[in-house]
Amino acid sequence: MTKTKLLASTLLSLAAVPALAQDVPPAAQDDVLKIGLMYTLSGPAAALGEHARDGFMLAAEQMGDIGGMETEIIVVDDEQRPDLAADKARELVQRENVDFVVGPIFSNILVAIHQPVTETGTILISTNAGTSNFAGADCHPNFFVTSYQNDQNHEVMGAYAQQQGYENVFLMAPNYQAGKDSLAGFKHSYTGGIAGEVFTELGQLDFSSELAQIAAFQPDALFTFMPGGMGVNLVKQYDQAGLSSIPFLSAFTVDETTLPATQDAALGLLGGQNWAPDLDNEANAAFVEAFIEKYDYVPGTYAMQAYDAAQLIQSAVSKLDGDLTDRDALRAALKEADFDSPRGDFSFGVNNYPVQDFYLVEAVKRDDGRYATSIREKIFDDYVDTYADQCEMQ
């Protein structure tokens, strides 16, 4: 039976806890599989972490004992603070002795927790953040990703803008690693002109200045990456500013985490994703139906990717009959990715990042009255990220 507990925000001192030797399995000597979930569960971006947590917990509930092992899941709120996240990551691996750390949402949190987790031999599975450095030169055998490389969803929109013949696009993203990756990704597949390029503060909620610039420049389109509460405010303010004549292209800005708040203001807006709730396959239909039945809201990609992380762990632990002492065998079992993803095609590249399809999606109102994204067309098929050839893992 799977048990869940919360890790307190007030951390216990780690001074007396010795660091674990590299590549030594933390908890494989006992019969309990321990998993730490680290997500942003408070503040304006909490909805993103809630989707991910709920997706993972749905899979865990469906499985019961993951991989046939008694399972304990420890839920951590990183509060979108890299320093706190690093401390909590150390507590998960050193005091709680987890076998896997799953998460986070934000790339600056991933950068903060990557070394504290992976250097101990613990497996880190990112269900959202996928920075370019860890896909390339800094790839690590103890780091797996069930989402994407950060650039890829933005590359979808760059390719779409290129198809549309746009010659003058205004670019806007928050000033942190994922924001920089987003604009780099867009420009990777778009060769037209740039009307303006703005990096906002992470967490910014008032876009009046940036919208005034867009109105002045009158670009062929806007491309933006604004997750969570940032995206909600931007979409509403864009609509209120009367800028609907300028196409609004985005990734992680118009999705199942923001649509319940933006509603009609977002209808028809386009995005780039690796999945949508109406993707036509049996595994996806079952996942979406079960998720809505349990949580009463439409899952976003954050939920799907976390659901897959649980499936990934289940597949590997089952293959090893619960014996996680052989780290090479564990990594090999994870690499096989032997599960049915709601997104359909899924495998790992050399850098432990997914090889998968990507789509242009549109915000719609479903027959049940809920708002969601819907597949409009496939843009990339079995797409390998552009940094994989910099990874020296075999």
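**Ground rules.** I number residues from 1 along each chain as its sequence is written, and side-chain values use heavy atoms, with hydrogens and water left out. Since this is a prediction, local features need pLDDT of at least 70 and side-chain atom pairs count only at pLDDT 80 or more, while totals for chains, interfaces and linings use all residues.

**Helix 1.** I started with residues 46–63, which form helix 1 (helices are DSSP runs of H or I, at least four residues, and strands are runs of E, at least two, numbered from the N terminus). Its 18 residues reach 26 Å from first C-alpha to last, close to the 26 Å expected (1.5 Å times one less than the number of residues). I then checked burial (buried is under 20% relative accessible area, exposed over 50%, partly exposed in between, with a 1.4 Å probe and protein chains only). The buried residues of helix 1 include H51, D54, F56, M57 and L58. Just after the helix, I found G64 with a positive phi of about 75 degrees.

Most residues other than glycine have a negative phi, and most peptide bonds are trans. Which bond is cis? I found the one from G103 to P104, with omega near 5 degrees. P104 sits in the loop between strand 4 (100–102) and helix 3 (107–118).

Next I looked at D321, whose phi is positive, near 55 degrees. D321 lies in the loop between helix 11 (301–319) and helix 12 (327–336), and is exposed at 71% relative accessibility.

D382 belongs to strand 14 (residues 371–383) and is partly exposed at 38%.
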